[in-house]
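Subject: Structure for you to look at

Hello,

Here is the structure I promised to pass on. Please open it and keep it beside this email as you read.

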Amino acid sequence: MLKGSARAHTNIALIKYWGKANEDLIIPMNNSLSLTLDAFYTETTVTFSEELTTDIFYLDDTLQDEKGTKKISRFLDLVRKKAACPLFAEVNSYNHVPTAAGLASSSSGLAALAAACNQALQLDLSDRDLSRLARRGSGSACRSIFPGFVEWQKGNSDETSFAEVVPSSGWENELAMLFILINDQEKDISSRDGMRKTVETSAFYDGWLQTTTQDLASAKIAIHAQDFEKLGTVTENNALKMHGTTLAAVPPFTYWSPDSLKAMNAVRKIRAAGLPCYFTMDAGPNVKVLCQRKDVAQLKEKLTHYFADEQLITAFSGPGITYL
Ligand code: ADP
Ligand code: DP6
Ligand code: CO
């Protein structure tokens with residue numbers, strides 16, 4: 001019996017990954033940059049065993065059906081090939097984050113699974129190679145191997161596409177991300193399908209792609225200079241551009257709900273009144289607000305004028321992979 005257990009935290013991109021250059025290898029169209037968070041995480045145990053005749057996947061103690069298991073079986077096939085191991089596996093995973101709601105469960109979920117496999121099969125992967133492996137499960141998962149600010153270098157092959165830490169002299173610890181939970185149920189269009197439809201059909205996709213390189217450079221300059229306003233401005237602008245692409249897809253779609261707009265407007269108002277804060281959104285209706293740690297209590301208080309206390313969750317910079 002070969003067993004491994006790991007914990008991975010979610011990450012939220014400030015400069016988004018939105019579109020694949022290679023669907024099979026999960027090579028992205030552009031570099032992305034994220035913040036790993038402390039508040040949301042996944043813990044996964046994998047056991048490869050001669051007694052199993054198929055892969056089995058429990059998520060939060062619920063046995064997953066064939067469709068849900070197939071996704072991780074495909075990932076386990078990659079691992080089995082790498083390790084020259086023919087055994088089926090039982091995967092037990094606990095999401096301390098709502099699943100498939102646009103809160104980045106695939107980033108922590110697949111990073112934790114990759115690390116658990118690394119341990120179980122004694123692959124002894126470097127962090128970079130673990131990042132490459134996690135990427136094959138879900139693109140954003142390659143960034144959850146690392147703490148704090150992380151950049152995913154898109155590369156142009158399996159070997160050259162991986163994430164790495166963006167040096168920031170610990171500035172990430174002076175920041176916070178406040179989550180406004182609008183809907184924690186499973187979204188209608190997965191990130192994978194949403195980005196595929198966008199790349200294939202959106203008239204705005206080229207516009208998005210042409211400006212992400214500049215956005216990423218601005219974000220890195222802002223991190224280097226510890227310039228919060230600059231980082232926040234480019235973060236918010238980048239997210240709005242990403243969401244703009246879905247409106248021009250055929251057929252068009254959006255991840256926004258009426259309350260997402262209410263949250264974005266609240267952030268703009270609070271900012272105009274003098275508290276620096278900026279929003280970002282992913283493939284789901286929930287809104288995340290980037291602010292400075294010193295302002296987090298004040299921001300939360302101001303947001304309670306718009307949303308219930310239970311809808312507001314505070315996150316700070318979080319750690320990379322931990323083996324359990
Ligand atoms: P999210 O916004 O939550 O990242 P995605 O559409 O990107 O949503 O991915 C959701 C999918 O990620 C789930 O349907 C499931 O296949 C996978 N996933 C989420 N959590 C886990 C986990 N703990 N272990 C394995 N796979 C997971
Ligand atoms: C909008 O990593 O979930 O959150 O690679 O197909 O599994 P797959 O998609 P995923 O996409 C994340 C998209 C995003 C932006 C981001 O996290 O960079
Ligand atoms: Co995801």
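Below are the findings, taken region by region.

First, some ground rules. This is a predicted model, in which local features need pLDDT of at least 70 and side-chain atom pairs count only at pLDDT 80 or more, while totals for chains, interfaces and linings use all residues. Residues are numbered from 1 along each chain as its sequence is written, chains are lettered from A and ligands numbered from 1 in the order in which they are written, and side-chain values use heavy atoms, with hydrogens and water left out.

**Domains**

The protein is divided into domain 1 (2–170) and domain 2 (174–316). These bounds come from an automatic or database domain assignment. The C-alpha centres of the two domains lie 23 Å apart. Domain 1 gives 37 residues to the contact, and domain 2 gives 49 residues. Contact here means heavy atoms within 4.5 Å.

**Two helices that meet**

Helices (H or I, at least four residues) and strands (E, at least two) are DSSP runs, numbered from the N terminus. Take helix α1 (residues 66–83) and helix α2 (residues 105–120). Their axes come within 11 Å and cross at roughly 35 degrees. Axes are lines fitted to C-alpha atoms, for helices over the stretch in contact, and angles run from 0 to 180 degrees between N-to-C directions. The crossing is right-handed.

**Two buried residues**

Buried means under 20% relative accessible area, exposed over 50%, and partly exposed in between (1.4 Å probe, protein chains only).

Serine 34 is in strand β4 (residues 32–49). Serine 34 is buried, at 0% relative accessible area. Beyond four places in sequence, serine 34 touches several residues, including Asn11, Leu14, Arg143 and Phe149. With asparagine 11, serine 34 makes a side-chain to side-chain polar contact (3.5 Å). A polar contact is a pair of N or O atoms within 3.5 Å; within protein, one must be able to donate a hydrogen and the other to accept it, and residues adjacent in sequence count only if both atoms are side-chain atoms.

Arginine 132 lies in helix α3 (residues 127–137). Is arginine 132 buried or exposed? Arginine 132 is buried, with a relative accessible area of 13%. The arginine 132 side chain reaches the backbone oxygen of aspartate 158 at 2.9 Å. Leaving aside neighbours within four places in sequence, arginine 132 is in contact with Asp158, Glu159, Ser161 and Phe162.

**Backbone details in the loops**

Aspartate 124 sits in the loop between α2 and α3. Its phi is near 55 degrees, a positive value in a residue other than glycine. Aspartate 124 is exposed, at 71% relative accessible area.

Glutamine 226 sits in the loop between α5 (205–225) and α6. Phi of glutamine 226 is also positive, near 50 degrees. Glutamine 226 counts as partly exposed, at 36%.

A cis peptide bond joins valine 250 and proline 251, with omega about -5 degrees. Proline 251 is in the loop between α6 (228–247) and α7 (258–272).

Best wishes

Key. A crossing is left-handed if the near helix is turned anticlockwise from the far one by less than a right angle, and right-handed if clockwise.
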